Amino acid sequence: MARLNVNPTRMEQTKLKRRLVTARRGHKLLKDKRDELMRQFLEIVRHNLALRKKVEAALGKAHRSFTIASAVMSPEILEEALMYPKQSVTLALSTKNIMSVNVPVYKFQMKSDDPAEIFPYGFATTSGELDDAVRALSQTLNDLLELAQSEKTAQMLAQEIEKTRRRVNALEYVMIPQLEETIKYIRMKLEENERGNTSRLMKVKDMMLEQAHHYAERESLPLSEAVPI
Amino acid sequence: MYKIAVVGDRDSTLGFKALGLDTVFADSPEEARGAIHRLAAEDCAVIYLTEQLAQSLTPELDRYTNAQRPAIILIPGKAGSLGIGIENINKAVEKAVGSNILKNE
């Protein structure tokens, strides 16, 4: 792992140590966030999957009735029957915060609560299959909206999980090892300087003693001429 | 107050009109693309799009995946489900978890 390009000084080391502590704490927090997001996500996505299967089956049924209706009725009459709906739906959008992801919450409002309002036509010219199709659709409307909500939530959570996971991994496998490596490098460098300094001092001491007492000259003299120190 | 829209071919969407949803007829992916962009710019919170049109509009849909509004939800058209909706859920799981752990459920 590459170390950071910093001067090996004690001040840098202190700074890096502080960064390492922050990185470790961030890593722990993000890991917790990821785990919790994952738990929520799996819950939602399971629900989503079941709901989608249900909605698709229901819509398939509605489409089948509709196809029969359009075969029985002429396209003009069919269109005329459905062109001007009596019912209308509006949607109130609020958000819910799941681990700092703002997911939408939908709440829909029908203009009228009367279940018969979904049929915007008189029954004289239309076929019964059309009634079936429209009723089937109106029954799935609730599920459809719930599907929209859970699917959007799942998508947004998936995105957030991916982002968080990248952050956790970046901290765990890049940032923290890098900081550790650099701190170790600085410590080694400082220790090495310390040792260099000690040996230099020892050397200087030797030189100074040599200057004062001339050991080398004395050793070269024969033993008989040696002057006592 | 937001609107709910349905984008798809005539036969797939006509039924939704009776329920009071906004319907936009689009027979080609180009028309659908224009309709989606327009609806997104307006106050439309949920767009239901038929899978038949969605299969050639993936880049457009990805653009809205991370936006909070609108939610583009795929529904089967009159020709039946193509499995893209389920596929998208599986993709989301794969993206989040790393591998699809719900495949066998």
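**Close-up views of a two-chain model**

**View 1. The paired strands β1(A) and β2(A).** Strands β1(A) and β2(A) run antiparallel and are joined by 10 bridges. Strands (E, at least two residues) and helices (H or I, at least four residues) are DSSP runs, numbered from the N terminus, and two strands pair if DSSP finds at least two bridges between them. A:Met110 in β2(A) has A:Val89 opposite. The hairpin has 2 residues between the strands, and A:Met99 takes a positive phi near 45° there. This is a predicted model, in which local features need pLDDT of at least 70 and side-chain atom pairs count only at pLDDT 80 or more, while totals for chains, interfaces and linings use all residues. Residues are numbered from 1 along each chain as its sequence is written, with chains lettered from A and ligands numbered from 1 in the order in which they are written.

**View 2. The contact of chain A with chain B.** Chain A gives 47 residues and chain B gives 35 residues; residues are in contact if their C-beta atoms, placed from the backbone, lie within 7 Å. On the side of chain A that touches chain B, α3(A) gives the most, with 16 residues.

View 3. B:Ala32, B:Ile36 and B:Leu39 are buried (20 or more other C-beta atoms within 10 Å of the residue's own, placed from the backbone). They lie on the same side of α2(B) because they cover an arc of only 70° around the axis, taken from the directions from the helix axis to the C-beta atoms. Turned away from this buried side are the exposed (12 or fewer) residues B:Glu30, B:Arg38 and B:Ala41.

Terms used. Contact = placed C-beta atoms within 7 Å.
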